[in-house]
Amino acid sequence: ASSKILEGGGYGKKIKRLFLSRMAENVVRAAAVKERVAQAACAAEEEVLALTSTPAGGLDAAAVAARREEYGENRLPVGKKRGPLARRPAKKIM
């Protein structure tokens, strides 16, 4: 359909230039939008990493003490391990 428009009568060259000009504008706009989205994604990732990561040298002693106070020791609970039959849910008898 667009090829018929581009090859149309006396206005063919003008229409073709206008069509190609608009197409070029859309490509440039799409590239700009894509770049802005990529920049926003990088900024969001950097913000999340800044909030969740620790400095390269690790935490200082005060920060370690504060986190241990808030979250406790970084240890798994130790207890008697149950065998496969004990881990199976008991059937309720009604």
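1. Does Arg68 count as buried, partly exposed or exposed, and at what relative accessibility? Arg68 counts as partly exposed, at 49% relative accessibility. Here buried means under 20% relative accessible area, exposed means over 50%, and partly exposed lies in between (1.4 Å probe, protein chains only).

2. Basis of the note. This is a predicted model, in which local features need pLDDT of at least 70 and side-chain atom pairs count only at pLDDT 80 or more, while totals for chains, interfaces and linings use all residues. Residues are numbered from 1 along each chain as its sequence is written, and side-chain values use heavy atoms, with hydrogens and water left out.

3. Confidence. The chain has a mean pLDDT (the predictor's confidence in each residue, from 0 to 100) of 78, and 83% of its residues reach 70 or more. Where pLDDT is low, the predicted coordinates should not be read in detail.

4. Fold elements. The chain contains four helices and zero strands, giving the pattern α-α-α-α along the sequence. These elements are DSSP runs numbered from the N terminus (helices: H or I, at least four residues; strands: E, at least two).

5. Of the 94 residues of the chain, 1% count as buried. The chain exposes about 9500 Å², and carbon and sulfur atoms supply 60% of this area. Accessible areas come from the Shrake-Rupley method with a 1.4 Å probe; for residues, only the protein chains shown count as cover.

6. Nonpolar patch. Phe19, Leu20 and Met23 form a nonpolar surface patch with about 270 Å² of accessible area together. Patches take residues with over 30% relative accessible area and no salt bridge; nonpolar side chains (Val, Leu, Ile, Met, Phe, Trp, Tyr) are joined within 5 Å, like charges within 9 Å. Leu20 lies in helix α2 (residues 12–52) and is partly exposed, with a relative accessible area of 43%.

7. Salt bridges. The whole structure holds two salt bridges (a side-chain nitrogen of Lys or Arg within 4 Å of a carboxyl oxygen of Asp or Glu). One joins the side chains of Glu73 and Arg68 (3.8 Å, N to O). Another joins Arg29 and Glu25 (3.9 Å, N to O); both residues lie in helix α2, four residues apart, about one turn of the helix. Glu25 is partly exposed, at 36% relative accessible area.

8. Asn26. This residue is also found in helix α2 and is partly exposed, at 46% relative accessibility. The side chain of Asn26 makes a polar contact with that of Arg29 (3.0 Å). Such a contact is a pair of N or O atoms within 3.5 Å; within protein, one must be able to donate a hydrogen and the other to accept it, and residues adjacent in sequence count only if both atoms are side-chain atoms.
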